[in-house]
Each structure stands twice: as structure tokens, then as C-alpha cells.
Amino acid sequence: LDSAFVAELRKGVDEYRRHDVFEFRAFTATRLTITRDGRTASFERTTGQPPKDAKAGAPAPQIWKRTAPTPADVDAAKFESALTALADLRLTGFAEANVKTGLDAPVLKVSATFDDGKKEETATFGVVGSETFVSRTGDPGTGKVDQPAYDRAIKALDELIK
């Protein structure tokens with residue numbers, strides 16, 4: 001047998017599991033619902049009006065709007081920053097079954113619709129001490145989240161839902 005093949009067979013099951021917290025990417029997301037600190041905010045990508053100086057046939061810009069709790073425009077740069085920070089979250093490992101994860105009292109829940117509304121995913125986050133854990137709908141087990149990336153995502157999200 002090829003040595004590379006044998007090396008692959010020796011890897012643990014966790015090596016083959018998905019390590020991205022979210023499947024969506026910032027450019028594929030169409031709807032986002034965030035619940036944090038008892039507050040829920042929903043956002044939706046919509047088609048805006050083309051600029052007056054746009055060439056005929058130019059595509060209309062895609063913009064994000066807050067749809068709940070009160071409809072409003074959002075700061076495009078802040079929203080893209082938060083969306084990218086969420087989409088870039090990765091797992092550093094997986095929690096053992098008997099580890100406390102904080103998911104019994106979640107600190108964050110994110111639901112995203114993407115690929116033109118064809119796909120949806122939800123992730124629930126819990127914190128214990130200095131570790132953050134995530135449970136994804138339809139995914140077995142609980143993952144450990146990269147802490148610096150999570151902290152950046154929380155900072156960006158707090159700018160949106162304050």
C-alpha cells in the first residue's frame with residue numbers, strides 16, 4: 001500500500017469532520033438572525049436602486065437591511081465585517097461528551113439562510129471559562145471554537161445589535 005494512503009487511514013475521525021462553523025460565505029448569505037444577550041435582530045440581503053449615473057443594464061447593488069426588531073438600514077462596512085467574521089469561524093477541536101459546554105445557557109445563536117434561500121443552518125454557542133463551544137443543527141457533537149476569531153466576531157456583532 002502507498003504510505004500516504006496508510007497515513008490517511010491512521011488519522012482519527014475528527015480529522016475528517018467539518019471544521020468550519022458555518023457553510024455560508026459572506027457573499028452567499030441572504031438572511032441572518034442573531035440572538036445575543038436576550039436581543040434578536042434579523043437582517044436580509046435586498047436589491048437596492050442602481051446609482052443614477054449607472055450604465056444601462058448594470059446590475060442593481062445588493063444591500064443588507066435590518067428587518068427586525070425594527071426595519072432599518074445598516075452600516076454596510078460594519079455588516080460585512082460581522083458577516084465575514086462569522087463565516088470565517090473555525091473549530092480547533094471537538095468536545096468530549098462529558099465536558100461542560102455552556103450550551104444549556106447559550107450566549108449566541110446564529111441562523112443563516114444562503115445560496116439564494118436554498119440552504120439554512122443554525123449554530124448555538126456556549127461559553128465555559130475561557131473556552132467557547134458550538135453546536136450546529138444536524139451535526140453530531142460539540143465543537144471548540146477558535147477563541148480569538150470568536151472574540152472578533154462578537155465585537156463585530158455587538159456593533160450591529162447594540
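The legends below describe close-up views of a predicted model.

In this predicted model, local features need pLDDT of at least 70 and side-chain atom pairs count only at pLDDT 80 or more, whereas totals for chains, interfaces and linings use all residues. Residues are numbered from 1 along each chain as its sequence is written, and side-chain values use heavy atoms, with hydrogens and water left out.

View A. Nine strands form an open, antiparallel sheet in the order 4-3-2-1-6-7-8-9-5, where strands (E, at least two residues) and helices (H or I, at least four) are DSSP runs numbered from the N terminus, and two strands pair if DSSP finds at least two bridges between them. Strand 4 (72-73) and strand 5 (91-94) are the edge strands, each pairing on one side only. Helix 2 (residues 76-87) packs on the sheet and touches strand 1, strand 2 (39-47), strand 3 (62-68) and strand 6, with its direction at about 85 degrees to that of strand 1; axes are lines fitted to C-alpha atoms, for helices over the stretch in contact, and angles run from 0 to 180 degrees between N-to-C directions. Strand 1 and strand 6 run antiparallel and are joined by seven bridges, and Ile34 has Val110 in strand 6 as its bridge partner.

View B. Ser42 lies in strand 2 and, at 7% relative accessibility, counts as buried (under 20% relative accessible area, with exposed over 50% and partly exposed in between, for a 1.4 Å probe and protein chains only). Leaving aside neighbours within four places in sequence, Ser42 is in contact (heavy atoms within 4.5 Å) with Arg31, Leu32, Thr33, Lys65, Arg66, Thr67 and Ala68.

View C. Rings of Phe, Tyr and Trp (its six-membered ring) pair if their centres lie within 6.5 Å, and planes under 30 degrees apart count as stacked, over 60 as edge-to-face and the rest as tilted. By this rule the count comes to six aromatic pairs. One of them is the tilted pair of Phe22 and Phe125, at 6.5 Å centre to centre with 45 degrees between the planes. This pair links distant parts of the chain, 103 residues apart, with Phe22 in the loop between helix 1 (3-10) and strand 1 (29-36) and Phe125 in strand 7 (residues 119-128); both Phe22 and Phe125 are buried. The rings of Phe24 and Phe114 have centres 6.4 Å apart and planes at 50 degrees, so this pair is tilted. Phe24, in the loop between helix 1 and strand 1, and Phe114, in strand 6 (residues 108-114), are 90 residues apart, and both are buried. Phe22, Phe24, Phe114, Phe125 and Tyr150 form one aromatic cluster.

**View D. Two hairpins that involve strand 8.** Strand 7 and strand 8 (residues 131-136) run antiparallel and are joined by six bridges, with Arg136 in strand 8 as the bridge partner of Ala123. These two strands form a hairpin with two residues between them, and Gly129 in the turn has a positive phi of about 65 degrees. Strand 8 also pairs with strand 9 (residues 143-145) in the antiparallel sense over two bridges, and Val134 stands opposite Gly143 in strand 9. The hairpin of strand 8 and strand 9 has six residues between the strands, and Gly138 in the turn has a positive phi of about 80 degrees.
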